[in-house]
Amino acid sequence: MSNRMINLLVPAIAVILGLLVGAIVMLVSGYDPVAGYIALWQGIFGDSYAIGETIRQITPYILAGLAVAFAFRTGLFNIGVEGQLIVGWFAAVYVGAAFDLPKFIHLPLSILAGAAAGALWAFLPGLLKAKMKIHEVIVTIMMNYIALHVVNALIKTWSGGGDKTDRIMESASLRSEFLSSLTDYSRLHYGIIVALLMVAVMWFILEKTTTGFELKAVGFNENASEYAGMKIGKNIILSMVISGAFAGLAGAMEGLGTFGNMYTRGGFTGIGFDGIAVALLGANTPLGVIFGAVLFGSLKYGALNMPNAAQIPEEVVQIVIALVIFFVACGYAIRLFLTKISKKKEEK
Amino acid sequence: MEYVIEMLNIRKEFGNFVANDNITLQLKKGEIHALLGENGAGKSTLMNVLFGLYQPEGGEIRVRGKKVDITDPNVANNLGIGMVHQHFMLVENFTVTENIILGNEPTKNGSVNISSASKKVAELSRQYGLNVDPNAKIEDISVGMQQRVEILKTLYRGADILIFDEPTASLTPQEISELIGIMKKLIAEGKSIILITHKLQEIMDVSDRVTVIRKGKGIGTVETAQTDPEQLASMMVGRQVTFKTEKGPASPTDEVLQINGLTVEDARGVAKVKNLNLSIRKGEIVGIAGIDGNGQSELIEAITGLRKSKSGKIIINGKDITNRKPREITKSGIGHIPQDRHKHGLVLDFPIGHNIAIQTYYRPPYSKGGIMDYAAIEKKAEEIIAQYDVRTQGPHEPARALSGGNQQKAIIGREVERNPDLLIAALPTRGLDVGAIEFIHRRLIEQRDSGKAVLLISFELDEVMNVSDRIAVIYDGSIIDTVLPSETDEQQLGLLMAGHSKEAAVVQSEEGVNNHVQ
């Protein structure tokens, strides 16, 4: 079996195995797996509306995945994507609602505000790591909580005690009549283009620029990089800032595209944390992140249809979805298995 | 003749690669048998076969005359085979006894019986003259002592055939001579030893017979008494090797590096370099001789900008570079072959091509307007790979995949190509085999002959003696004396390194010679 074949087979087998075990779980719990999976399929690809919503759901996953993957490639663990996403969301909505400008200025400005807020939120952990060697995992986790509650407080203050912000101006919206009508009036918006553009940006920074060379070198080996004259602290901060900007953009897509405003939240969106899995599923490469985000986004959105169409309880659905992702993450074991089989065949 | 171990016609393959091709090694009872080969020749593979970590594709193993099938390390242990690993496998914050019984704890009423074990360890230590305190913590004892703990571990488990894997790699000269004493004592007590090494002098000093392997093939077994280092080296490398590196007299000119009253502290604020003075001129190689831990690392780090100096001045080409940033220092004309090539020398996960560019990547032609030109990097890397005989599949191969010698050649190529006025070479041949050592020494001398300065730091006395034009002896953070290689010998240097003054060293060294004659 060629390597290429194995590379293609591994994710396919993983998904099938996950679905099989998921089917067993549904059977044991007394539900019909066939009906369940039909509902999942319909939920993802059933009609043009479902497809539009699935793509919409994939958009923030791509950006959150890029944020985690970028930091990871440069040796940092950004667990704070969730918090950076929340501040990015709020900043984008604020700029989108508080100003009245022509669209060609207002929209980019609102998007940039989201990116800048995320970057700023990641700058602090980067600074603490660079100057005082405080581990970024602890700082970023804690800053998630700070982000959540600070933004909730800001929304309350801004809305005079309410639980949601004003809606953004039309001039700051990513909504698209065209995309929406194409998909049976789903909430699909231009954010997917921004996300795909950022995939290219991450690839370009890492693979083409001198900055990327330094970031990767520092990520792999700080000592050798310092010896080669690179500034370790500067690179750590820069990496966190870029990562945070991706995360802030994920929030901006939600604010300017999907929702058009922001509500106070009782808990996290979960997108930032799922971004960790998306990045790891995609082996921290830009293209891999797209794959991971498609898997996550489709399953998450499609699963919503399972309780309605197949009467499978939410809890069981979540177990099934987790199983599929679990098996994809276990790709290494499957790869090992395939390599062994193909070796034995060669011997014969 | 009685053999305790016979490995006959062993063959071990990894895929298409043959790591051991028909190798035979026979260990007599009560001998020290050296296994000699270059890095990557297949020594470790052969020993892992004996220790049960790999299963051979061909050949047979006999232990005390009986054919055996060593399927895993437990089988090897039960056969009385013990391995003293090159990288110690010890738990730092456990005591000596705790480490020795780990995995095999004697129990009394369900709890570990430390005191009986500790008594047994103390007894073994006495019997073999190992001088190990069973209750000391590993983190508090020296490297040489830790190695003796590894030896004790095998003895405690009843081994009478001991495999030593490159045992002197991390020891000081004093510790090496102690180890040699221990090995002789072990033999006297009826043990047999296989010594894996690529150091010829060690073999001449301790072994009874030598089996040489080259590129996975058994070359032959010779009696140590009937051979010499030259013959062994040519068996190992497959061609004639010169030990005494040929070089003409130095013709030093202008001063390149000047260090005045330099004091450097380590991370805990303890002064490691104390009021040190040193001067190096163009066209000479200055060797720093000293025992590990006398301030060499801190001195290099201060010169290269990786550590702040407390006081004093470092001047290169007339420019004060004290406490400047590494890149500024590099640009003022310093090249540096770091002492730890994995930690400071290479980004192991980067391709070797990137590593070759890691000092120059930000300058044209490699980077233009912030955009990398990887094609230019590759072209340069290919040049250096060819010119410095770096054996690799090409610039794309990860640095990690190269052997130590080839990694080192790539680093030397990278540094020398930048044409620095001063090349600092810290332990440049550590862990390398004679072929690579010869190559590196020749490059250092070429650098000198082209009018550059070289600062060589080494723990190997013969390296310092052979390559340097002047030897500065460092002791407790200061240069205590500077001598010429032609006017000193290893004994005198050894005494200077131990902190004796020159006068005392000369007297003692002469006494030593007289004793030897008597």
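I began just after α4(B), where G129(B) takes a positive phi of about 60°. The model I am reading is predicted.

**Helix α4(B)**

I then went back over the helix itself, residues 114-127 of chain B. Its 14 residues, at 1.5 Å a residue, should span 20 Å, and the end C-alpha atoms are 20 Å apart, which agrees. I listed the buried residues of α4(B) as A117(B), S118(B), V121(B), L124(B) and S125(B). Viewed down the axis of α4(B), these buried residues fall within an arc of 125°, so they line one face of the helix. An α-helix has 3.6 residues a turn, so residues three or four places apart point the same way. On the other side of α4(B) I found K119(B), E123(B) and R126(B) exposed. I also looked up what covers the buried residues of α4(B); the cover includes α3 (96-101) and α5 (143-156) of chain B.

**Strand β15(B)**

Next I checked residues 285-289 of chain B, which make up strand β15. Five of the five residues are buried, so the strand is largely enclosed by the rest of the structure. I sorted them by face: I285(B), G287(B) and A289(B) lie on one side, V286(B) and I288(B) on the other, and all are buried, which leaves both faces covered. In a regular strand the side chains alternate between the two faces of the sheet.

Which strands are joined to β15(B) by bridges? I noted β22 (residues 453-458) of chain B, running parallel to β15(B) and joined to it by five bridges. Strand β23 (residues 470-475) of chain B also runs parallel to β15(B), with four bridges. I followed G287(B) in both directions: its bridge partner in β22(B) is L456(B), and its bridge partner in β23(B) is I471(B).

**Nonpolar cores**

I turned to the largest nonpolar core, which has 87 residues. Which of its residues touch the most other members? They are I62(A) and L66(A). Leaving aside neighbours within four places in sequence, I found I62(A) in contact with I192(A), A195(A), L196(A), V199(A), V289(A) and A293(A). A second, separate core has 34 residues, including L124(B), L155(B), L179(B) and I182(B). In soluble globular proteins, nonpolar side chains tend to be buried together.

**Aromatic pairs**

I counted 17 aromatic pairs over all chains. One of them is W89(A) with F259(A), a stacked pair at 5.3 Å centre to centre with 25° between the planes. This pair links distant parts of the chain: W89(A) is in helix α4 (residues 81-98) of chain A and F259(A) in helix α11 (residues 232-259) of chain A, 170 residues apart. I looked up the accessibility of each ring residue. W89(A) has 4% relative accessibility and counts as buried, while F259(A), at 31%, counts as partly exposed.

I took F213(A) and Y361(B) next; they are stacked too, 4.8 Å centre to centre and 25° between the planes. F213(A) lies in helix α9 (residues 210-220) of chain A and Y361(B) in the loop between α12 (352-356) and β19 (367-368) of chain B, so the pair joins two chains. Are F213(A) and Y361(B) buried or exposed? Both are buried.

Definitions and conventions
Residues are numbered from 1 along each chain as its sequence is written. Chains are lettered from A and ligands numbered from 1 in the order in which they are written. This is a predicted model: local features need pLDDT of at least 70, side-chain atom pairs count only at pLDDT 80 or more; totals for chains, interfaces and linings use all residues. Side-chain values use heavy atoms; hydrogens and water are left out. Buried means under 20% relative accessible area, exposed over 50%, partly exposed in between (1.4 Å probe, protein chains only). Two strands pair if DSSP finds at least two bridges between them. A nonpolar core is a set of buried Ala, Val, Leu, Ile, Met, Phe, Trp, Tyr and Cys residues joined through side-chain atoms within 4.5 Å. Contact means heavy atoms within 4.5 Å. The expected span of a helix is 1.5 Å times one less than its number of residues. The arc is that of the directions from the helix axis to the C-beta atoms. Rings of Phe, Tyr and Trp (its six-membered ring) pair if their centres lie within 6.5 Å; planes under 30 degrees apart count as stacked, over 60 as edge-to-face and the rest as tilted.
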